[in-house]
Amino acid sequence: MLFNSLKFLFFFPTVCFLYYLTPHRYRWLLLLVASYYFYMCWEVSYVFLILITTIITYLTGIGMGRAIKQNTKRMLLILCLTTNLLILFIFKYFNFFNDTLRSLFDSLNLTYNIPALNLLLPVGISFYTFQSLSYAIDVYNGRKKPETHFGIFAVYVAFFPQLVAGPIERSTKLLPQFYKKIPFDYANVTNGLRQMGWGFFKKIVIADRLAILVDQVYNTPSGYTGIPLIVASYFFAFQIYCDFSGYSDIAIGAARVLGIDLSKNFNYPYFATNIMDFWRRWHITLTSWFRDYLYIPLGGNRVSWQRWSMNIIIVFFLSGLWHGAYWTFVIWGTLHGLFILATRVMQNRNRSTERFIPKNTATLRHALSIIVTFHIVTLLWVFFRANTIQDAFYILANLLNFNHLAGNTWQIMHDTSAYFGMNLYELLIALFSICFLVSVEFLNYRFGALQKLLAQPVALRWAYYYLVTFLIVVFGQFSINSFIYFQF
């Protein structure tokens, strides 16, 4: 079930209505039924994968809590990690590695007869698998007592607002909330609905409209050079941000309506001043997951420069692979790791020369850092969006090839649909929506506009709500498009 579907428009209010009518001790059952129904709307059979993950993680967690010997706890943790990662590997990565080995054997003129698996990738499998793994590791390390209520633990794994695309919640934060007696709270409901509305605006008005141009250009990049490739690349930077952060806003807002607090997943990532800062702001729950459960166990920054560099590359290589079983994602993640290494080198160099830089240029340097970082991120998004590595290199090689403009400028201006997949009116709406987004987020980032708005009289607040609703209804792209991160 998609958030941007009519089915969800009826499903969510119904769940909320029943939730606040249901006695507290039975709410977990309502949430579990609602979450499993929500997931089964995609594929009924794959709900058994969630159930298997839930049962294995629950039982091994109970076992670790009761184990006296450390070796027993370690064996149970290994069993949990191995089983869950094996399920993830079979459904998401087997064909990727199998095809890679087949290509390697073919290049060596060797026979390779292992067939591909004809399996549909379960929606959200990377998210609920990582959420389950974090629980098991926390229980093993003593940060979380084993959950004894199987039903509530099952809700933790499958909680429908964040089931298929996060945020990736920690058990230490989410599980205790299912035990709280949550009364109906008008502020929670209004705050949640407001955040959901902003998420719907980003998804329906911006992301889905930008997708029209991005899909046309990126699905057949060899037919374009120069301006169409540049516009499509900029548009994709905003498409993926609005698509994914829009989902997160809807998920966090929906949970807040139910009185449940989910983790913040985005913090104005396109205002980052370097790549390290970008990853503190983008998909925060995934970044913190890799930090706590991989980067720090590898030694973090408490090791030599050479070892630290290797740790960064390993983390971002696996981060790219987490996003998808394609080499384009692996290259994308690894390049981010390399840019983080370069950022650290430049920071060390800048510290030694900072005393020679005039202080009155700080604002200018800050603005330039944001601009440069945004363009690095946008260029790296090319690998993320391109269908193949060959397409990615073609796009990068032809971004500044303007030969197509010779004698065609007038035609391009009067027939944008032939070049961009949308007419001039639709293109202007797309550009206006990006400008509106950037303006609102800048005002909120720089001046705390949202908090100031909430302090205004009711009439002014509702004028803003009506404006956003009006923009969604009038300028929304209402063809039902899935969220990009559902494929991960």
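Predicted model: local features only at pLDDT ≥ 70, side-chain atom pairs only at ≥ 80, totals over all residues.
**Surface patch, buried helix and aromatic pairs**

Phenylalanine 97 has a relative accessibility of 34% and is therefore classed as partly exposed, a value that lies between the cut-offs of under 20% for buried and over 50% for exposed residues. Phenylalanine 97 is located in helix H4, which spans residues 70-107. Together with Leu86, Phe89, Ile90, Leu117 and Leu119, Phe97 makes a nonpolar surface patch of about 460 Å².

Helix H6, by contrast, is an enclosed element. Eight of the nine residues of this helix (residues 150-158) are buried, so helix H6 is largely enclosed by the rest of the structure. The buried positions are Gly151, Ile152, Phe153, Ala154, Val155, Tyr156, Val157 and Ala158. The packing partners of these buried residues are helix H2 (27-40), helix H3 (47-66), helix H5 (125-140) and helix H7 (171-174).

A buried polar residue was examined next. Asparagine 265 is situated in the loop between helix H9 (227-257) and helix H10 (275-281). With a relative accessible area of 1%, asparagine 265 is buried. Its side chain takes part in a polar contact of 2.8 Å with the side chain of threonine 285 and in another, of 3.4 Å, with the side chain of serine 248. When residues up to four places away in sequence are not counted, asparagine 265 touches Pro167, Phe244, Ser248, Ile252, Arg281, Trp282, His283, Ile284 and Thr285.

Aromatic pairs were also considered, and the structure holds 68 of them. In one of these, the ring centres of phenylalanine 238 and tyrosine 270 are 5.9 Å apart and the ring planes stand at 80 degrees, so the arrangement is edge-to-face; the cut-off for this class is an angle over 60 degrees. The pair links distant parts of the chain, with phenylalanine 238 in helix H9 and tyrosine 270 in the loop between H9 and H10, 32 residues apart. Both phenylalanine 238 and tyrosine 270 are buried.

Tryptophan 332 and tryptophan 381 form a stacked aromatic pair, with a centre-to-centre distance of 5.6 Å and 15 degrees between the planes. Because tryptophan 332 belongs to helix H13 (residues 327-353) and tryptophan 381 to helix H14 (residues 362-385), this pair ties together parts that are 49 residues apart in sequence. Tryptophan 332 and tryptophan 381 are both buried.

Methods
Residues numbered from 1 in each chain as written. Heavy atoms only, no water. Buried < 20%, exposed > 50% of the residue type's maximum accessible area, 1.4 Å probe, protein only. Helix = DSSP H or I, 4+ residues; strand = E, 2+ residues; numbered from the N terminus. Contact = heavy atoms within 4.5 Å. Patch = residues over 30% accessible without salt bridge, like charges linked within 9 Å, V, L, I, M, F, W, Y side chains within 5 Å. Areas by Shrake-Rupley, 256 points an atom, 1.4 Å probe, with all protein chains shown as cover. Salt bridge = Lys/Arg side-chain N within 4 Å of Asp/Glu carboxyl O. Polar contact = N/O pair within 3.5 Å; in protein donor to acceptor, adjacent residues only side chain to side chain. Phe/Tyr/Trp six-rings, centres within 6.5 Å; stacked < 30°, edge-to-face > 60°.
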